[in-house]
Amino acid sequence: MKSYFSYFSSSKSTIRWLLPTLLGVVVITWLYDGGSMGKDISFVTFPEIEEISSVSWDYDSYVAYFTDLAEKKGARYAFDVLIEAPMPHGVDIHEIGHHIGYVLYEQKGIGGISECTEALQNACAHAVIIQTLIEHGLSALGEVANVCAEAPGGRGAYAVCFHGVGHGILAYLDYDYKSAVSECRNVYDSVRLAEGPPRIENIENVWLQCVSGATMELMQGSHDVLMREKMQEVYMPASDVRMPCNASYVPDEVRSACYTYVTGRFFEAAGATRGIPSPEFYPKTFSYCEKITATDAKSIDACYRGI
């Protein structure tokens, strides 16, 4: 009996019939799936690309454009356009992704995390989790943890999803960073002590990711800019550029997660413009890492990586 492989290989008529059929299936699947396969198919284009390529807007205008696009054509579609669009240098695509994610939550609730593909997974998941916690409070953290387990990308995506939890906790707590760090420990303990097999091998990553997300939200969060700026005066005083990472309320086990995301302060303290660092500012910027306690090797390494 011939194998399926040998039969297929020897049948030219089968090949002539099968190839166009398979191509049709691919195209139809892509259209049905809203373009989700588009990142793997070079001929996919979006009509919005031409418009975006012909303008030079400020950040707020881009936010308004993509928010409107998400509301009209769906958040998933807006994410795909954002990934493909030739955005100018200095425009914070991650934060624009947050705004699309807010629309995604309105459209699909917490289940929208299943739409957070790896290309903009962080921004997408952050926004959905922030809105979930704002609407339902910390009591929703158990449900959030379960949804994180379904995030695209496997075990790594599960841990990264808790970075979004850190964003959401800080936003819910009105940017009270000290309380957020404490709550991240509670989340870690809950996940660590949960029944059943662990979803990730290094469970400590849940705690690290949560603290890193809270730190990032304190640095540049867009959920409540006025409240963030107010609390920055408390937790990021100009008198100590390494705050809040060197504070006693940040446990040693997660201090490195804080330093990874606070280093934007170091560039500004050195005289650089955030997002547009120039080489002349590098030596002074790195000097802030060098002043971290020498015994805290993980934080020193995280500081360099953050820069």
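Is Cys210 buried or exposed? Cys210 is buried, with a relative accessible area of 0%. Buried here means under 20% relative accessible area, exposed over 50%, and partly exposed in between (1.4 Å probe, protein chains only).

This is a predicted model, where local features need pLDDT of at least 70, side-chain atom pairs count only at pLDDT 80 or more, and totals for chains, interfaces and linings use all residues. Residues are numbered from 1 along each chain as its sequence is written, and side-chain values use heavy atoms, leaving out hydrogens and water.

Cys210 has a partner. A disulfide (a pair of cysteine sulfur atoms within 2.5 Å) joins Cys210 to Cys184, S to S 2.0 Å. The pair links distant parts of the chain, 26 residues apart: Cys184 lies in helix H10 (residues 177-193) and Cys210 in helix H11 (residues 204-220). Helices (H or I, at least four residues) are DSSP runs, numbered from the N terminus. Cys184 is buried too, at 0% relative accessibility. The link is left-handed, with -75° about the S-S bond.

The structure holds 4 disulfides. Another one pairs Cys148 with Cys161, their sulfur atoms 2.1 Å apart. This pair also links distant parts of the chain: Cys148 sits in helix H8 (residues 141-148), Cys161 in helix H9 (residues 155-172), 13 residues apart. Cys148 is buried at 0% relative accessibility. Cys161 is buried at 2%.

Further along come Cys289 and Cys303, with sulfur atoms 1.9 Å apart in their disulfide. The torsion about their S-S bond is about -80°, so this disulfide is left-handed. Cys289 belongs to helix H15 (residues 282-290) and Cys303 to helix H16 (residues 297-306).

Key. Helix = DSSP H or I, 4+ residues; strand = E, 2+ residues; numbered from the N terminus.
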